[in-house]
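Subject: Structure for you to look at

Hello,

Here is the structure you will be working with. Please open it beside this email and follow along as you read.

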Amino acid sequence: GTSDERAREGRQQRERERERGRLLLAWGRSSSMALAAKMQGALRRGYSTSRGGLFALASGSHLSAFTNPAEDSFEEPVMLTRGEGVYVWDTEGKRYLDTLSGLWSNALGNGNDRIVNAATTQMKKLAYQHTFWNRTTDVAQEYADRLVNFSSGIGATQAFFSSGGSDANDTNIKLAWYYWSALGEPQRTKIIAREKGYHGVTITAASISGQPKMHAGFGPLPLNFVKHVSCPHYFKYGLEGETEDQYSSRLAKEVDDLIVREGPETVACFIAEPICGAGGVIPPPAGYFEKVQAVLKKHGVLFIIDEVITGFGRTGAKFGSNFYGIQPDLITIAKAMSSSYYPLGAALLTERIADVVREQAEKFGNFGHGYTYGGHPVACAIGLETLNIYEELQPWDTIRANRDHFHEGVRRSVCTGSQLIAEVRGEGYMLAFEFIPGLEERADGVPPGTLFANIAQREGLLVRSLGDTVVLAPGFTYTEENFAELFDKLARAFHLFEQRLS
(Lines give C-alpha, C1' and ligand atoms only; values in the text may rest on other atoms or scores of the structure.)
Protein backbone atom coordinates (compact mmCIF):
# COMPACT_ATOMS: atom_id res chain seq x y z
CA GLY A 1 0.00 0.00 0.00
CA THR A 2 0.97 3.66 -0.13
CA SER A 3 2.80 5.37 2.69
CA ASP A 4 -0.47 7.07 3.73
CA GLU A 5 -2.21 3.70 3.94
CA ARG A 6 0.62 2.23 5.97
CA ALA A 7 0.53 5.20 8.34
CA ARG A 8 -3.23 4.84 8.70
CA GLU A 9 -2.92 1.13 9.42
CA GLY A 10 -0.26 1.91 12.03
CA ARG A 11 -2.53 4.42 13.75
CA GLN A 12 -5.44 2.00 13.77
CA GLN A 13 -3.26 -0.75 15.21
CA ARG A 14 -2.07 1.57 17.95
CA GLU A 15 -5.64 2.56 18.74
CA ARG A 16 -6.67 -1.09 19.01
CA GLU A 17 -3.76 -1.76 21.38
CA ARG A 18 -4.79 1.16 23.56
CA GLU A 19 -8.35 -0.12 23.77
CA ARG A 20 -7.17 -3.61 24.60
CA GLY A 21 -4.94 -2.32 27.38
CA ARG A 22 -7.64 -0.01 28.72
CA LEU A 23 -10.18 -2.77 28.99
CA LEU A 24 -7.72 -5.13 30.61
CA LEU A 25 -6.68 -2.46 33.08
CA ALA A 26 -10.23 -1.50 34.00
CA TRP A 27 -11.74 -4.93 34.27
CA GLY A 28 -8.99 -7.55 34.24
CA ARG A 29 -9.43 -11.04 32.95
CA SER A 30 -13.02 -12.24 33.04
CA SER A 31 -14.79 -15.45 32.11
CA SER A 32 -17.96 -13.49 31.44
CA MET A 33 -19.08 -14.18 27.86
CA ALA A 34 -20.87 -10.84 27.73
CA LEU A 35 -17.74 -8.94 28.74
CA ALA A 36 -15.61 -11.01 26.40
CA ALA A 37 -17.95 -10.15 23.53
CA LYS A 38 -17.79 -6.49 24.48
CA MET A 39 -14.02 -6.58 24.48
CA GLN A 40 -13.85 -8.32 21.12
CA GLY A 41 -16.23 -5.78 19.64
CA ALA A 42 -14.23 -2.92 21.04
CA LEU A 43 -11.01 -4.35 19.66
CA ARG A 44 -12.59 -4.57 16.20
CA ARG A 45 -13.87 -0.98 16.26
CA GLY A 46 -10.93 1.37 16.84
CA TYR A 47 -11.32 5.12 17.31
CA SER A 48 -12.43 7.81 14.91
CA THR A 49 -9.66 9.33 12.78
CA SER A 50 -10.04 12.71 14.45
CA ARG A 51 -9.78 11.30 17.93
CA GLY A 52 -6.88 9.06 17.02
CA GLY A 53 -5.10 12.05 15.56
CA LEU A 54 -5.59 14.02 18.76
CA PHE A 55 -4.26 11.16 20.86
CA ALA A 56 -1.25 10.77 18.58
CA LEU A 57 -0.63 14.48 19.05
CA ALA A 58 -1.05 14.24 22.82
CA SER A 59 1.49 11.45 23.11
CA GLY A 60 3.89 12.80 20.49
CA SER A 61 4.53 16.52 20.27
CA HIS A 62 3.60 17.34 23.87
CA LEU A 63 5.87 16.07 26.66
CA SER A 64 3.36 15.72 29.48
CA ALA A 65 4.16 16.61 33.09
CA PHE A 66 4.38 13.83 35.68
CA THR A 67 3.20 11.24 33.16
CA ASN A 68 4.58 7.81 32.31
CA PRO A 69 5.13 8.02 28.52
CA ALA A 70 4.08 4.36 28.27
CA GLU A 71 0.69 5.11 29.80
CA ASP A 72 -0.94 5.96 26.47
CA SER A 73 -0.51 2.32 25.49
CA PHE A 74 -3.16 1.27 28.04
CA GLU A 75 -5.11 4.43 28.95
CA GLU A 76 -5.95 6.94 26.22
CA PRO A 77 -5.19 10.58 27.05
CA VAL A 78 -8.15 12.77 27.91
CA MET A 79 -8.24 15.97 25.89
CA LEU A 80 -10.42 18.65 27.44
CA THR A 81 -11.89 21.39 25.30
CA ARG A 82 -14.06 23.61 27.50
CA GLY A 83 -15.13 24.30 31.06
CA GLU A 84 -18.03 25.87 32.91
CA GLY A 85 -17.99 26.27 36.66
CA VAL A 86 -16.79 23.04 38.25
CA TYR A 87 -17.33 20.98 35.08
CA VAL A 88 -15.11 20.31 32.05
CA TRP A 89 -15.86 18.57 28.74
CA ASP A 90 -13.66 16.43 26.49
CA THR A 91 -13.46 16.14 22.71
CA GLU A 92 -16.31 13.61 22.69
CA GLY A 93 -18.63 15.93 24.60
CA LYS A 94 -18.38 13.93 27.83
CA ARG A 95 -18.81 16.00 30.99
CA TYR A 96 -16.60 15.56 34.06
CA LEU A 97 -16.99 16.89 37.60
CA ASP A 98 -13.64 18.34 38.62
CA THR A 99 -12.89 17.37 42.22
CA LEU A 100 -9.33 18.78 42.32
CA SER A 101 -9.89 22.38 41.16
CA GLY A 102 -7.60 21.64 38.22
CA LEU A 103 -4.42 21.31 40.30
CA TRP A 104 -5.70 22.64 43.65
CA SER A 105 -5.89 26.01 41.93
CA ASN A 106 -9.02 26.74 39.86
CA ALA A 107 -10.86 27.75 43.01
CA LEU A 108 -13.59 29.81 41.31
CA GLY A 109 -14.15 27.38 38.43
CA ASN A 110 -14.14 28.12 34.71
CA GLY A 111 -16.02 30.88 32.95
CA ASN A 112 -16.10 33.52 35.67
CA ASP A 113 -17.23 36.62 33.77
CA ARG A 114 -15.71 39.07 36.19
CA ILE A 115 -12.23 37.58 35.87
CA VAL A 116 -12.54 37.27 32.09
CA ASN A 117 -13.65 40.91 31.82
CA ALA A 118 -10.79 42.07 34.07
CA ALA A 119 -8.29 40.27 31.84
CA THR A 120 -9.85 41.59 28.62
CA THR A 121 -9.98 45.18 29.88
CA GLN A 122 -6.33 45.07 31.00
CA MET A 123 -5.17 43.51 27.73
CA LYS A 124 -6.77 46.37 25.83
CA LYS A 125 -5.43 48.99 28.23
CA LEU A 126 -1.85 47.76 28.76
CA ALA A 127 -1.00 44.22 27.70
CA TYR A 128 2.56 44.22 29.05
CA GLN A 129 5.18 46.16 30.91
CA HIS A 130 7.80 44.91 33.34
CA THR A 131 8.55 45.95 36.92
CA PHE A 132 12.35 46.39 36.60
CA TRP A 133 14.49 49.53 37.17
CA ASN A 134 12.21 51.53 39.45
CA ARG A 135 9.35 51.08 37.00
CA THR A 136 5.99 49.47 37.63
CA THR A 137 2.36 49.64 36.50
CA ASP A 138 -0.67 51.04 38.24
CA VAL A 139 -2.35 47.64 38.41
CA ALA A 140 0.77 45.89 39.80
CA GLN A 141 1.10 48.53 42.51
CA GLU A 142 -2.58 48.42 43.42
CA TYR A 143 -2.54 44.64 43.58
CA ALA A 144 0.60 44.58 45.74
CA ASP A 145 -1.02 47.02 48.19
CA ARG A 146 -4.22 45.00 48.38
CA LEU A 147 -2.41 41.67 48.64
CA VAL A 148 -0.19 42.86 51.48
CA ASN A 149 -3.22 44.20 53.31
CA PHE A 150 -5.06 40.89 52.81
CA SER A 151 -2.03 38.96 54.11
CA SER A 152 -1.16 41.28 56.98
CA GLY A 153 -2.67 38.84 59.46
CA ILE A 154 0.28 36.50 58.86
CA GLY A 155 2.82 39.33 58.89
CA ALA A 156 3.25 40.22 55.19
CA THR A 157 4.48 43.75 54.47
CA GLN A 158 5.81 43.43 50.91
CA ALA A 159 5.12 41.32 47.81
CA PHE A 160 7.46 40.17 45.03
CA PHE A 161 5.58 38.75 42.03
CA SER A 162 6.44 35.59 40.10
CA SER A 163 4.73 33.33 37.56
CA GLY A 164 3.86 30.52 39.96
CA GLY A 165 4.77 28.60 43.08
CA SER A 166 8.07 27.09 41.93
CA ASP A 167 9.75 30.40 41.13
CA ALA A 168 8.16 32.05 44.18
CA ASN A 169 9.76 29.40 46.38
CA ASP A 170 13.07 29.91 44.58
CA THR A 171 12.70 33.62 45.30
CA ASN A 172 12.11 33.00 48.99
CA ILE A 173 15.19 30.78 49.23
CA LYS A 174 17.25 33.51 47.56
CA LEU A 175 15.75 36.09 49.91
CA ALA A 176 16.78 33.96 52.90
CA TRP A 177 20.36 33.82 51.57
CA TYR A 178 20.28 37.55 50.81
CA TYR A 179 19.10 38.23 54.36
CA TRP A 180 21.88 36.25 55.99
CA SER A 181 24.51 37.72 53.68
CA ALA A 182 23.36 41.20 54.67
CA LEU A 183 23.74 40.30 58.35
CA GLY A 184 27.31 39.09 57.81
CA GLU A 185 26.50 35.36 57.88
CA PRO A 186 26.81 34.29 54.21
CA GLN A 187 27.72 30.76 55.31
CA ARG A 188 24.08 30.21 56.28
CA THR A 189 23.07 28.42 53.08
CA LYS A 190 21.56 25.10 54.19
CA ILE A 191 17.84 24.51 53.85
CA ILE A 192 15.83 22.09 55.96
CA ALA A 193 12.77 20.62 54.25
CA ARG A 194 10.54 17.61 54.83
CA GLU A 195 10.14 14.21 53.23
CA LYS A 196 6.98 14.11 51.07
CA GLY A 197 6.92 17.89 50.91
CA TYR A 198 6.25 19.50 47.53
CA HIS A 199 7.55 22.97 46.65
CA GLY A 200 7.88 23.00 42.85
CA VAL A 201 10.05 21.71 40.04
CA THR A 202 12.79 24.27 39.40
CA ILE A 203 16.26 23.12 40.45
CA THR A 204 16.06 24.50 43.98
CA ALA A 205 12.31 23.93 44.45
CA ALA A 206 12.67 20.31 43.30
CA SER A 207 15.60 19.82 45.65
CA ILE A 208 13.66 20.99 48.69
CA SER A 209 10.70 18.82 47.65
CA GLY A 210 10.92 15.52 49.49
CA GLN A 211 9.78 13.47 46.50
CA PRO A 212 12.40 10.97 45.21
CA LYS A 213 10.56 10.56 41.89
CA MET A 214 11.25 14.24 41.21
CA HIS A 215 14.98 13.71 41.70
CA ALA A 216 15.49 10.44 39.80
CA GLY A 217 17.54 10.95 36.66
CA PHE A 218 18.04 14.69 37.19
CA GLY A 219 21.78 14.70 37.89
CA PRO A 220 22.71 16.18 41.27
CA LEU A 221 19.17 16.60 42.61
CA PRO A 222 18.55 17.10 45.43
CA LEU A 223 21.33 19.69 45.76
CA ASN A 224 23.62 19.02 48.69
CA PHE A 225 22.70 22.12 50.69
CA VAL A 226 19.20 20.69 51.24
CA LYS A 227 18.60 18.45 54.27
CA HIS A 228 15.34 16.56 54.76
CA VAL A 229 13.60 15.61 57.99
CA SER A 230 10.70 13.22 58.55
CA CYS A 231 7.22 13.63 57.12
CA PRO A 232 4.81 14.47 59.99
CA HIS A 233 2.33 11.66 59.29
CA TYR A 234 1.19 10.44 62.70
CA PHE A 235 -1.09 7.66 61.42
CA LYS A 236 1.73 6.06 59.45
CA TYR A 237 4.86 6.91 61.43
CA GLY A 238 3.72 7.39 65.02
CA LEU A 239 5.07 4.74 67.39
CA GLU A 240 2.84 2.35 69.29
CA GLY A 241 1.50 4.08 72.38
CA GLU A 242 2.87 7.46 71.27
CA THR A 243 0.41 10.36 71.46
CA GLU A 244 0.24 13.04 68.76
CA ASP A 245 1.85 15.53 71.12
CA GLN A 246 4.69 13.11 71.89
CA TYR A 247 5.12 12.43 68.18
CA SER A 248 5.33 16.18 67.50
CA SER A 249 7.95 16.52 70.24
CA ARG A 250 9.99 13.73 68.64
CA LEU A 251 9.84 15.40 65.22
CA ALA A 252 10.78 18.79 66.69
CA LYS A 253 13.76 17.14 68.36
CA GLU A 254 14.75 15.66 64.99
CA VAL A 255 14.84 19.20 63.55
CA ASP A 256 16.80 20.43 66.57
CA ASP A 257 19.30 17.57 66.33
CA LEU A 258 19.82 18.19 62.62
CA ILE A 259 20.47 21.90 63.12
CA VAL A 260 22.98 21.16 65.90
CA ARG A 261 24.67 18.45 63.83
CA GLU A 262 24.99 20.66 60.75
CA GLY A 263 25.88 23.73 62.81
CA PRO A 264 23.28 26.44 63.46
CA GLU A 265 25.59 28.97 61.85
CA THR A 266 25.21 27.13 58.51
CA VAL A 267 21.42 26.78 58.39
CA ALA A 268 19.48 29.50 56.56
CA CYS A 269 15.87 28.35 56.75
CA PHE A 270 13.26 25.69 57.26
CA ILE A 271 10.43 25.34 54.70
CA ALA A 272 7.12 23.52 55.08
CA GLU A 273 3.55 23.44 53.84
CA PRO A 274 0.85 23.90 56.51
CA ILE A 275 -0.64 20.65 55.15
CA CYS A 276 1.45 18.40 52.92
CA GLY A 277 -0.45 18.57 49.63
CA ALA A 278 1.04 16.52 46.81
CA GLY A 279 2.68 14.32 49.45
CA GLY A 280 -0.77 12.95 50.32
CA VAL A 281 -2.83 15.65 52.12
CA ILE A 282 -1.14 15.15 55.48
CA PRO A 283 -2.25 17.55 58.23
CA PRO A 284 0.30 18.14 61.02
CA PRO A 285 -0.10 16.31 64.31
CA ALA A 286 -1.20 18.27 67.38
CA GLY A 287 1.42 20.75 68.56
CA TYR A 288 3.75 20.18 65.60
CA PHE A 289 4.24 23.73 64.34
CA GLU A 290 4.33 25.21 67.83
CA LYS A 291 7.19 22.90 68.79
CA VAL A 292 9.11 23.24 65.50
CA GLN A 293 8.87 27.04 65.57
CA ALA A 294 10.35 27.05 69.08
CA VAL A 295 13.35 25.13 67.74
CA LEU A 296 13.78 27.50 64.79
CA LYS A 297 13.66 30.56 67.04
CA LYS A 298 16.21 29.04 69.41
CA HIS A 299 18.71 28.72 66.57
CA GLY A 300 17.70 31.86 64.65
CA VAL A 301 16.63 29.85 61.59
CA LEU A 302 14.16 31.51 59.21
CA PHE A 303 10.78 29.90 58.53
CA ILE A 304 9.38 29.85 54.99
CA ILE A 305 5.75 28.74 54.84
CA ASP A 306 4.55 27.39 51.49
CA GLU A 307 0.91 28.50 51.18
CA VAL A 308 0.66 27.70 47.46
CA ILE A 309 -2.17 25.20 48.05
CA THR A 310 -3.53 26.34 51.39
CA GLY A 311 -3.69 30.08 50.69
CA PHE A 312 -6.93 32.04 50.13
CA GLY A 313 -9.22 29.82 52.16
CA ARG A 314 -8.80 26.14 51.38
CA THR A 315 -8.32 25.11 55.01
CA GLY A 316 -11.29 27.13 56.26
CA ALA A 317 -9.10 30.11 57.17
CA LYS A 318 -7.56 32.78 54.92
CA PHE A 319 -4.22 30.97 55.12
CA GLY A 320 -2.99 27.74 56.59
CA SER A 321 -0.80 29.91 58.81
CA ASN A 322 -3.93 31.42 60.35
CA PHE A 323 -5.40 27.95 60.82
CA TYR A 324 -2.36 26.50 62.60
CA GLY A 325 -1.02 29.60 64.36
CA ILE A 326 2.15 29.78 62.25
CA GLN A 327 4.34 32.90 62.35
CA PRO A 328 6.52 32.74 59.23
CA ASP A 329 9.32 35.01 58.03
CA LEU A 330 8.59 34.44 54.33
CA ILE A 331 5.39 33.24 52.63
CA THR A 332 4.91 31.60 49.24
CA ILE A 333 1.58 31.93 47.42
CA ALA A 334 0.22 31.01 43.97
CA LYS A 335 -2.56 28.74 42.57
CA ALA A 336 -5.87 30.14 43.95
CA MET A 337 -4.22 33.57 43.87
CA SER A 338 -5.51 33.95 40.28
CA SER A 339 -7.88 30.96 40.35
CA SER A 340 -5.44 29.72 37.66
CA TYR A 341 -6.84 32.09 35.04
CA TYR A 342 -3.25 33.26 34.52
CA PRO A 343 0.18 32.13 35.77
CA LEU A 344 0.75 34.07 38.99
CA GLY A 345 2.63 33.66 42.24
CA ALA A 346 4.36 35.77 44.86
CA ALA A 347 6.89 35.78 47.64
CA LEU A 348 5.56 37.71 50.63
CA LEU A 349 8.10 39.32 52.95
CA THR A 350 7.57 40.12 56.62
CA GLU A 351 8.97 43.34 58.04
CA ARG A 352 12.01 41.57 59.47
CA ILE A 353 13.07 40.43 56.01
CA ALA A 354 11.89 43.44 53.98
CA ASP A 355 13.93 45.95 56.03
CA VAL A 356 17.15 43.97 55.69
CA VAL A 357 16.62 43.32 51.97
CA ARG A 358 16.14 47.05 51.36
CA GLU A 359 19.35 47.92 53.20
CA GLN A 360 21.31 45.25 51.34
CA ALA A 361 19.95 46.33 47.96
CA GLU A 362 20.95 49.93 48.68
CA LYS A 363 24.45 48.68 49.55
CA PHE A 364 24.78 46.81 46.22
CA GLY A 365 23.06 49.50 44.18
CA ASN A 366 20.12 47.30 43.18
CA PHE A 367 18.14 44.20 44.13
CA GLY A 368 19.53 41.76 41.56
CA HIS A 369 16.54 39.51 41.08
CA GLY A 370 13.42 39.58 38.91
CA TYR A 371 11.30 37.84 36.28
CA THR A 372 10.16 38.99 32.86
CA TYR A 373 6.58 38.12 33.77
CA GLY A 374 6.76 39.13 37.44
CA GLY A 375 4.04 41.69 38.08
CA HIS A 376 2.61 41.14 34.59
CA PRO A 377 -0.25 43.66 34.24
CA VAL A 378 -2.77 41.09 33.00
CA ALA A 379 -1.81 38.66 35.78
CA CYS A 380 -2.17 41.43 38.36
CA ALA A 381 -5.54 42.54 36.98
CA ILE A 382 -6.76 38.95 37.24
CA GLY A 383 -5.28 38.53 40.71
CA LEU A 384 -6.87 41.79 41.84
CA GLU A 385 -10.35 40.84 40.62
CA THR A 386 -9.96 37.35 42.09
CA LEU A 387 -9.06 38.93 45.42
CA ASN A 388 -12.11 41.20 45.14
CA ILE A 389 -14.29 38.11 44.71
CA TYR A 390 -12.69 36.34 47.66
CA GLU A 391 -13.21 39.31 49.92
CA GLU A 392 -16.85 39.53 48.88
CA LEU A 393 -17.61 35.79 49.12
CA GLN A 394 -15.46 35.02 52.17
CA PRO A 395 -15.00 31.41 50.94
CA TRP A 396 -13.06 30.43 54.04
CA ASP A 397 -16.25 30.78 56.06
CA THR A 398 -18.20 28.60 53.60
CA ILE A 399 -15.45 26.00 53.57
CA ARG A 400 -15.38 25.89 57.35
CA ALA A 401 -19.17 25.47 57.45
CA ASN A 402 -19.16 22.71 54.79
CA ARG A 403 -16.12 20.82 56.08
CA ASP A 404 -17.94 18.08 57.98
CA HIS A 405 -20.50 17.53 55.21
CA PHE A 406 -17.69 17.08 52.68
CA HIS A 407 -15.55 14.83 54.85
CA GLU A 408 -18.41 12.65 56.10
CA GLY A 409 -19.85 12.28 52.60
CA VAL A 410 -16.54 11.02 51.26
CA ARG A 411 -16.18 8.62 54.19
CA ARG A 412 -19.63 7.17 53.51
CA SER A 413 -18.83 6.79 49.81
CA VAL A 414 -15.59 4.85 50.21
CA CYS A 415 -15.68 3.31 53.68
CA THR A 416 -19.19 1.90 54.06
CA GLY A 417 -18.91 -1.88 54.18
CA SER A 418 -15.35 -1.81 52.85
CA GLN A 419 -12.06 -2.95 54.35
CA LEU A 420 -9.91 -1.44 51.61
CA ILE A 421 -9.35 2.02 53.12
CA ALA A 422 -6.56 2.52 55.65
CA GLU A 423 -7.14 6.20 56.40
CA VAL A 424 -9.25 9.20 55.39
CA ARG A 425 -7.55 12.49 56.29
CA GLY A 426 -7.53 16.18 55.50
CA GLU A 427 -8.78 19.60 56.46
CA GLY A 428 -11.20 22.06 54.87
CA TYR A 429 -11.52 21.40 51.16
CA MET A 430 -8.46 19.11 51.13
CA LEU A 431 -9.10 15.41 51.60
CA ALA A 432 -7.41 12.10 50.81
CA PHE A 433 -8.17 8.45 51.30
CA GLU A 434 -5.34 5.95 51.41
CA PHE A 435 -5.72 2.29 50.49
CA ILE A 436 -4.48 -0.59 52.62
CA PRO A 437 -1.14 -2.12 51.57
CA GLY A 438 -1.05 -5.03 49.13
CA LEU A 439 -3.75 -3.99 46.68
CA GLU A 440 -1.31 -3.42 43.81
CA GLU A 441 -0.74 -7.16 43.54
CA ARG A 442 -4.51 -7.70 43.15
CA ALA A 443 -4.61 -5.08 40.37
CA ASP A 444 -2.00 -6.67 38.08
CA GLY A 445 0.71 -4.32 39.32
CA VAL A 446 -1.29 -1.11 38.87
CA PRO A 447 -1.23 1.19 41.93
CA PRO A 448 -4.70 1.18 43.52
CA GLY A 449 -5.01 4.95 43.39
CA THR A 450 -4.29 4.95 39.66
CA LEU A 451 -6.77 2.17 39.03
CA PHE A 452 -9.44 4.01 41.03
CA ALA A 453 -8.75 7.32 39.27
CA ASN A 454 -9.14 5.67 35.86
CA ILE A 455 -12.44 4.07 36.87
CA ALA A 456 -13.68 7.35 38.36
CA GLN A 457 -12.74 9.17 35.18
CA ARG A 458 -14.92 6.84 33.15
CA GLU A 459 -17.73 7.64 35.60
CA GLY A 460 -17.28 11.35 34.82
CA LEU A 461 -15.27 12.20 37.94
CA LEU A 462 -11.77 13.71 37.91
CA VAL A 463 -9.72 12.81 40.99
CA ARG A 464 -5.98 12.65 41.59
CA SER A 465 -3.98 9.51 42.21
CA LEU A 466 -0.84 9.50 44.33
CA GLY A 467 -0.29 5.78 43.84
CA ASP A 468 -1.66 4.39 47.11
CA THR A 469 -3.79 7.47 47.80
CA VAL A 470 -6.60 9.41 46.10
CA VAL A 471 -6.85 13.17 46.60
CA LEU A 472 -9.89 15.47 46.43
CA ALA A 473 -9.77 19.29 46.57
CA PRO A 474 -13.06 20.73 45.27
CA GLY A 475 -13.46 24.30 44.14
CA PHE A 476 -14.64 27.02 46.49
CA THR A 477 -17.92 27.38 44.55
CA TYR A 478 -19.14 23.79 45.06
CA THR A 479 -22.88 23.67 45.73
CA GLU A 480 -24.94 21.12 47.65
CA GLU A 481 -25.85 19.56 44.29
CA ASN A 482 -22.17 19.33 43.31
CA PHE A 483 -21.34 17.55 46.55
CA ALA A 484 -24.27 15.15 46.08
CA GLU A 485 -23.00 14.30 42.59
CA LEU A 486 -19.48 13.87 43.94
CA PHE A 487 -20.60 11.43 46.65
CA ASP A 488 -22.78 9.45 44.21
CA LYS A 489 -20.09 9.08 41.55
CA LEU A 490 -17.44 8.37 44.14
CA ALA A 491 -19.56 5.54 45.58
CA ARG A 492 -20.22 4.09 42.11
CA ALA A 493 -16.55 4.25 41.18
CA PHE A 494 -15.60 2.60 44.45
CA HIS A 495 -18.11 -0.20 43.85
CA LEU A 496 -16.57 -0.85 40.42
CA PHE A 497 -13.10 -0.67 41.98
CA GLU A 498 -14.04 -3.33 44.52
CA GLN A 499 -15.47 -5.52 41.76
CA ARG A 500 -12.26 -5.17 39.80
CA LEU A 501 -10.16 -6.30 42.75
CA SER A 502 -12.41 -9.26 43.47
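**Helix 5 and what surrounds it**

At the start of helix 5, a side-chain oxygen of Asn112 comes to within 3.1 Å of the backbone nitrogen of Arg114. That pair is a polar contact, meaning N or O atoms within 3.5 Å; within protein, one must be able to donate a hydrogen and the other to accept it, and residues adjacent in sequence count only if both atoms are side-chain atoms. Please keep in mind that this is a predicted model, in which local features need pLDDT of at least 70 and side-chain atom pairs count only at pLDDT 80 or more, while totals for chains, interfaces and linings use all residues. Residues are numbered from 1 along each chain as its sequence is written, and side-chain values use heavy atoms, with hydrogens and water left out.

Helix 5 covers residues 113-125. Helices here are DSSP runs of H or I with at least four residues, strands are runs of E with at least two, and both are numbered from the N terminus. From first C-alpha to last, the 13 residues of helix 5 reach 18 Å, close to the 18 Å expected at 1.5 Å a residue. The expected span is 1.5 Å times one less than the number of residues.

Which residues of helix 5 are buried? They are Ile115, Ala118, Ala119 and Gln122. Buried means under 20% relative accessible area, exposed means over 50%, and partly exposed is in between (1.4 Å probe, protein chains only).

**The cores**

The largest nonpolar core has 92 residues, and Leu147, Phe270, Phe433, Phe452 and Phe497 touch the most other members. Such a core is a set of buried Ala, Val, Leu, Ile, Met, Phe, Trp, Tyr and Cys residues joined through side-chain atoms within 4.5 Å. Another core, of 29 residues, lies apart from it, and Ala176, Tyr178, Met214 and Ala268 are among its members.

Leaving out residues up to four places away in sequence, Phe433 touches several residues, including Val410, Ile421, Phe452 and Leu490. A contact here means heavy atoms within 4.5 Å.

**Backbone details**

The peptide bond from Leu221 to Pro222 is cis, with omega near -5°. Pro222 sits in the loop between helix 8 (203-208) and strand 6 (226-229).

Ser101 is not a glycine, yet its phi is positive, near 55°. Ser101 belongs to helix 4 (residues 101-104) and is buried, at 2% relative accessibility. Trp133, also not a glycine, has a positive phi of about 55°. Trp133 is in the loop between helix 5 and helix 6 and is exposed, with a relative accessible area of 68%.

**Cysteines**

How many disulfides does a search of the whole structure find? It finds zero, a disulfide being a pair of cysteine sulfur atoms within 2.5 Å. For Cys276, the nearest cysteine sulfur is that of Cys231, 4.8 Å away. Cys276 is buried, at 0% relative accessibility.

**The whole protein**

The protein has 18 helices and 15 strands. Of its 502 residues, 53% are buried.

Regards
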